[in-house]
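This briefing goes through one protein chain by topic. Have the sequence and the 3D view open while reading.

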Amino acid sequence: MQLTRIAIIGAGLMGHGIAQAFATAGREVAIYEADAERRAGIRARVRANLRLVGQDEAAADLISPCGDLSGAVAAADVVIEAVPEDLALKQQVFAQVEAAAPANALLASNTSVIPITHIMAGLRHRHRAMGTHWWNPPYQIPLVEVVQARDTGAAEIAAMMGLLSAIGKMPVHVRKDVPGFIGNRLQHALWREAIALVENGVCDAATVDAVVKASFGRRLAVLGPLENADLVGTDLALMVHRYILPDLDRTPGPQALLQELVASGRLGMKSGAGFREWSPDEAQALRATLARHLDTFSGANGPGPAPESD
Ligand SMILES: NC(=O)c1ccc[n+]([C@@H]2O[C@H](COP(=O)([O-])OP(=O)(O)OC[C@H]3O[C@@H](n4cnc5c(N)ncnc54)[C@H](O)[C@@H]3O)[C@@H](O)[C@H]2O)c1
């Protein structure tokens with residue numbers, strides 16, 4: 001399968017960054033964004049990112065902003081959707097995409113948690129529809145989860161994995177279409193327990209973050225949880241789990257503390273407070289620290305053995 005022409009739908013945080021990841025690998029990208037002002041700023045935004053990570057700004061010229069969806073996808077080999085996390089909106093976008101894109105184009109959603117099978121339910125040719133879950137910022141984080149929905153074909157999954165490898169990404173195959181796929185299930189299991197620790201008065205939010213960052217967080221980039229279990233021994237893991245698992249939080253929905261924060265307008269850095277207080281300078285300093293940290297990982301795939309691929 002020749003996959004050279006890429007189309008992206010939505011040029012927000014993720015869409016413009018995904019476009020950048022393809023453009024820096026020399027691919028031409030057409031990108032449709034509904035908001036005219038945002039559309040006009042796509043190349044400047046990508047140039048600013050490229051400057052920040054010390055890459056050639058010329059890559060931005062390979063990105064063509066489009067004012068209509070049909071024009072963006074008409075000749076596409078691959079279409080990646082990155083509009084807001086709303087099932088009805090995504091279904092509507094894919095109906096338009098299917099009507100305008102070539103019949104054999106690969107179609108992918110960048111949803112964070114919505115099952116791909118639900119998003120693609122209304123399509124006629126579902127064997128070429130799948131998830132590609134990128135991480136922010138898409139041009140710095142190597143991993144992309146390639147999600148097999150109920151009707152996705154094996155050849156189409158393999159073609160998408162091949163394309164992502166060819167542009168220097170590290171694709172992994174998610175074989176079942178579970179909400180949150182792999183990474184977000186792991187991440188939000190941790191967040192639930194973090195919130196429970198604060199709710200139950202064990203410690204404050206700053207302490208939760210300090211414990212993660214200065215202890216097992218230091219190892220995570222080179223030692224995954226199951227590598228860690230093998231390192232200490234599965235017998236020790238079993239003993240620990242007998243004690244701790246019955247005591248971990250199992251609240252089946254969003255916890256009261258999170259709901260209260262949102263209801264009272266404590267929306268995080270954008271409102272100056274969330275679990276913690278944030279001055280604009282503190283928020284900016286943390287963002288800069290994160291960008292510098294991500295920049296220290298050289299090589300697209302980072303350390304560690306590659307996972308099995310199929
Ligand atoms: N933010 C993250 O860290 C992250 C990470 C992985 C996946 N995701 C997922 O990626 C998707 C996009 O997230 P984001 O953070 O980039 O959102 P965003 O709000 O930054 O960007 C969405 C963009 O889509 C545009 N848009 C809305 N409706 C449109 C339409 N019908 N056609 C074309 N453009 C349209 C908006 O104007 C906006 O620019 C969501 O599904 C989200 O869950 C986000």
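The model is predicted. Its chain splits into domain 1, residues 5–174, and domain 2, residues 184–264. The centres of domain 1 and domain 2, taken over C-alpha atoms, are 32 Å apart.

**Ligand surroundings**
- The shell around the ligand holds 23 residues, and Gly10, Gly12, Met14, Ser112 and Asn136 come nearest.
- By type, the shell consists of 12 nonpolar, seven polar and four charged residues.
- Helix α1 (residues 13–24) contributes the most to this shell, with three residues.

**Strand β5 and its neighbours**
- Strand β5 covers residues 106–109; Leu106 and Ala108 point one way, Leu107 and Ser109 point the other way, and all are buried.
- Strand β4 (residues 78–81) runs parallel to β5 and is joined to it by four bridges.
- Within that pairing, Val79 has Leu107 of β5 as its bridge partner.
- Between β4 and β5 the chain passes through helix α5 (residues 87–100), giving a right-handed β-α-β crossover.
- Strand β6 (residues 129–134) also pairs with β5, in the parallel sense and over three bridges.
- Here the bridge partner of Ala108 is Met130 in β6.

**From β6 to β8**
- Strands β6 and β7 pair in the antiparallel sense, over four bridges.
- Strands β7 and β8 are parallel and pair over five bridges.
- Val144 also has Pro171 of β8 opposite it.
- Together with helix α7 (residues 154–166), β7 and β8 form a right-handed β-α-β unit.

- Helix α3 spans residues 42–52, and its buried residues are Ile42, Arg43, Val46 and Asn49.
- These four lie on the same side of α3, because they cover an arc of only 120° around the axis.
- In general, an α-helix has 3.6 residues a turn, so residues three or four places apart point the same way.
- The exposed residues Ala44, Ala48 and Arg51 are on the face of α3 turned away from its buried side.

- For background, most residues other than glycine have a negative phi, and most peptide bonds are trans.
- The peptide bond between Asn136 and Pro137 is cis, with omega about -5°.
- Asn136 is also among the residues that come nearest to the ligand.
- Pro137 sits in the loop between β6 and β7 (143–147).
- Phe181 has a positive phi, near 55°, and is not a glycine.
- The loop that holds Phe181 runs between β8 (170–174) and α8 (183–199).
- Phe181 counts as buried because 22 C-beta neighbours lie inside 10 Å, and the cut-off for buried is 20 or more.
- Ile114 is in the loop between β5 and α6 (116–119).
- With 18 C-beta neighbours inside 10 Å, Ile114 counts as partly exposed.
- Ile114 and Pro137 are 23 residues apart in sequence, and their C-alpha atoms are 20 Å apart in space.

How values were computed:
Residues are numbered from 1 along each chain as its sequence is written. This is a predicted model: local features need pLDDT of at least 70, side-chain atom pairs count only at pLDDT 80 or more; totals for chains, interfaces and linings use all residues. Domain bounds come from an automatic or database domain assignment. A residue is near a molecule or strand if its C-beta atom, placed from the backbone, lies within 6 Å of it. Helices (H or I, at least four residues) and strands (E, at least two) are DSSP runs, numbered from the N terminus. Ala, Val, Leu, Ile, Met, Phe, Trp, Tyr, Cys and Pro count as nonpolar, Asp, Glu, Lys and Arg as charged, and the others, Gly among them, as polar. A residue is buried if 20 or more other C-beta atoms lie within 10 Å of its own, exposed if 12 or fewer, and partly exposed in between; C-beta atoms are placed from the backbone. Two strands pair if DSSP finds at least two bridges between them. A crossover is right-handed if, with the strands pointing away from the viewer, the path from the first strand over the helix to the second runs clockwise. The arc is that of the directions from the helix axis to the C-beta atoms.
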